[in-house]
Amino acid sequence: MVLFKGLERSLGLISTLILVRVLIPEDFGLVAMAMAVIAIVELMGAFGFDMALIQRQSATREHYDTAWTFNILLASAIGLIILALAVPMSQFYEEPRLVSVFFALAIGSFAMGLQNIGVVDFRKNLEFDKEFKFLLSKKLIGFCTTVPLAFILKSYWALIFGMLASKLGAVLLSYIWSPFRPRLSLQAKGDLFNFSKWLLLNNVALAIRNKASTFIIGKSLGSHSLGIFAVGDQIANLPTTELSAPISRAVYPGYSKHGNDRGRLAGLYLGVMGAIIALATPAGVGLALVAPELVPIMLGEDWGETIPVIQILAVSGALLLIQANTGYVLYALGQPNVRAHMTVLHAVVLVVLLLYMTSSGGLVGAAWAHLIATLIVTPIIMAVVLLKLTIGPSDFFRVMWRPTLAVLAMSATVLYVRHALEASGDLVVLIAGVLTGVVTYLVSMIALWLLSGKPDGFESSAFEEVRRRLGQVTET
């Protein structure tokens, strides 16, 4: 799954680099307006039936058939609501082009309800090779549709058609890759809703947290500013939350299998947290450090407004990694209500900050609202999870202290290099900053690990994997 996410984000990065040269910020902003509304409407179907099926180890065919039937019913209702909102939302944003955009995207929302529920078993049975092929194929369909159409149409319709192709392709692929053939049934509705009602609340709060800035910026600052923020947010999250997602997605079935053994669950959670912090935190902080040189080279001079947005959101994304696994652990414990309450808290804090800071500080103010909300809520969420798993502060500190010190050393080195080479041009500074940052972080991590007595953790697992790979090469 990590490999898939790396390939997915590579495709996304390549696509973004191409599209920003062909399309204009207003195109991205227009699509972001529509997708924010659709994301809220699609919350009607955000019961997380797939999560419920994974958590319930004894799920029967009736559970799968019921989940598929509900997906169809909910997707049909969602498609009709999107059609009904086309005109009102175009008037709200004062953007008449949104009407046709809503009509087109309603097709994709309806189609997703037809996806074969059998693909859930790829995760439940730890068949990640099958899920890898399924998800990557779906992503490739969207990429191969969007990029050529961008050059042909030179408008936001390339983005719309790309999303539609990806969703329709996912439906077709789900029946190709999974032999399961669902039937219409509502026999297991009681069992599914008992767990999924809390997932719905969590997903509603999560969507509000993720899309609130789109509504507020789009309404108060317009499509150009929203396009700047949307692209900045996408780039800022490339190395952080997007890297943690496949790890969390892959380990959830393992969490569920050990939901009744809190000792083993706590050990597994700490191990995953160590890997996430060690891999993604330096990437997020490093991106913030080199953003002033990266943006002109990657996006062009017209996107200079994204620099402070990327810097602030990259740090926020790195901090979000600390709570990345909390939801899956709480689901495995059979406590989705706790996760839902935490997500609601984060959404409320963020919306309050966005309303004030966007009006007073524009795009940069909106970015700061995200960071401050994360700084407020993360300690609360972590305290709850550590208490649930009976993990002491010292245990969590042992996971965090080496990557934290290594990131500080990396930051100091990159800042020094940027200052020393500031007259050498963006490309030289960027290459030097990235190389010295990577080397400093790796050397610091290894040195701290050796000085602390080679404790079990991410470093020992990484060394063991390297030794195994070298052994395979030697044998061949």
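Guide: Helix 12 (262-298), helix 16 (393-420), helix 17 (426-451) and helix 18 (458-475) each supply at least two residues of the lining of the largest pocket. Helices (H or I, at least four residues) are DSSP runs, numbered from the N terminus. The model is predicted: local features need pLDDT of at least 70, side-chain atom pairs count only at pLDDT 80 or more, and totals for chains, interfaces and linings use all residues. Residues are numbered from 1 along each chain as its sequence is written, and side-chain values use heavy atoms, with hydrogens and water left out.

Visitor: What makes a space a pocket, and what makes a residue part of its lining?

Guide: On a 1 Å grid over the protein atoms alone, a pocket is an open set of points with protein on both sides within 12 Å along at least five of seven lines, whereas a cavity is a set where a 1.4 Å probe fits but cannot get out; lining residues have an atom within 4 Å of a point. The largest pocket has 25 lining residues, and Leu279, Pro282, Val438, Tyr441 and Leu442 lie nearest its centre. Helix 17 gives the most to this lining, with 10 residues.

Visitor: How do the residues of that lining divide by class?

Guide: There are 21 nonpolar, three polar and one charged. Ala, Val, Leu, Ile, Met, Phe, Trp, Tyr, Cys and Pro count as nonpolar, Asp, Glu, Lys and Arg as charged, and the others, Gly among them, as polar.

Visitor: Why is helix 2 called oblique to helix 5?

Guide: The axes of helix 2 (residues 25-41) and helix 5 (residues 98-112) come within 10 Å and cross at roughly 50 degrees. Angles under 35 degrees count as roughly parallel, over 145 as roughly antiparallel, 65 to 115 as roughly perpendicular and the rest as oblique. Helix 2 is therefore oblique to helix 5. The crossing of helix 2 with helix 5 is right-handed.

Visitor: Why is helix 2 also called oblique to helix 4?

Guide: Helix 2 and helix 4 (residues 61-93) pack at about 140 degrees, with their axes 10 Å apart. That angle makes helix 2 oblique to helix 4.

Visitor: Which residues of helix 2 and helix 4 meet?

Guide: Met33, Val37, Ile38 and Val41 in helix 2 meet Ile78, Ile81, Ile82, Leu85, Met89 and Tyr93 in helix 4; contact means heavy atoms within 4.5 Å. This contact has 10 nonpolar, no polar and no charged residues.

Visitor: What makes helix 10 oblique to helix 15?

Guide: The axes of helix 10 (residues 223-236) and helix 15 (residues 336-388) cross at roughly 40 degrees and come within 11 Å. Helix 10 is therefore oblique to helix 15. Ser225, Ile228 and Phe229 in helix 10 meet Leu363, Ala366, Ala367 and His370 in helix 15.

Terms used
Axes fitted to C-alpha atoms, helices over the stretch in contact; angles between N-to-C directions. Left-handed = near helix turned anticlockwise from the far one by under 90°.
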